[in-house]
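Let's take a walk through this model together, starting with the whole chain and ending at single side chains. Keep the viewer open as you read.

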Amino acid sequence: MSSELEKAMLTIVQIFHKYSGHKCKLKKADLKDLINNEMSQFVLKIRDKDTLDLLFSDLDQNGDREIDFQEFIPLIAMVTSACHGLFMTEQNH
């Protein structure tokens, strides 16, 4: 029986593969769709090209113009950390 954390980790992997497909890499449009469809409660929808370009270049560490899973994980960590900060702020009020 998987723990709640293990289920969450598996969900992250499954969502990445839902958008990256068999190539296991996200193009800009894939990343935009993933964020807008799967993270819309935690991240503002990406509407403009400049925001997408900046985020994509920050994540694309090897400069191949695709985001692999290892490059994707920092986005998950950053958003999760920000959510934790909001949760802690709400708990202290």
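Of the chain's 93 residues, 26% count as buried, where buried means under 20% relative accessible area, exposed over 50%, and partly exposed in between (1.4 Å probe, protein chains only). This is a predicted model, in which local features need pLDDT of at least 70 and side-chain atom pairs count only at pLDDT 80 or more, while totals for chains, interfaces and linings use all residues. Residues are numbered from 1 along each chain as its sequence is written, and side-chain values use heavy atoms, with hydrogens and water left out.

The chain has four helices and zero strands, in the order α-α-α-α; helices (H or I, at least four residues) and strands (E, at least two) are DSSP runs numbered from the N terminus. Along the principal axes, the C-alpha atoms fill a box of roughly 45 × 35 × 25 Å. Among contacts (heavy atoms within 4.5 Å) between residues at least 6 apart in sequence, 48% join residues at least 24 apart.

Start with helix α1, residues 4–20. The buried residues of α1 are Phe16, Tyr19 and Ser20. They cover an arc of only 100 degrees around the axis, which puts them on the same side of α1; the arc is that of the directions from the helix axis to the C-beta atoms. An α-helix has 3.6 residues a turn, so residues three or four places apart point the same way. On the other side of α1, Glu4 and Lys18 are exposed. Just after the helix, glycine 21 takes a positive phi of about 65 degrees.

Next, find aspartate 30 in helix α2 (residues 28–38). Aspartate 30 is buried, with a relative accessible area of 18%. Its side chain reaches the backbone nitrogen of lysine 27 at 2.9 Å. Leaving aside neighbours within four places in sequence, aspartate 30 is in contact with Tyr19, Lys23 and Lys25.

The side chain of glutamate 71 does reach the backbone nitrogen of glutamine 61 at 3.0 Å, and one of its polar atoms lies 3.1 Å from the backbone nitrogen of asparagine 62.

Terms used. A polar contact is a pair of N or O atoms within 3.5 Å; within protein, one must be able to donate a hydrogen and the other to accept it, and residues adjacent in sequence count only if both atoms are side-chain atoms.
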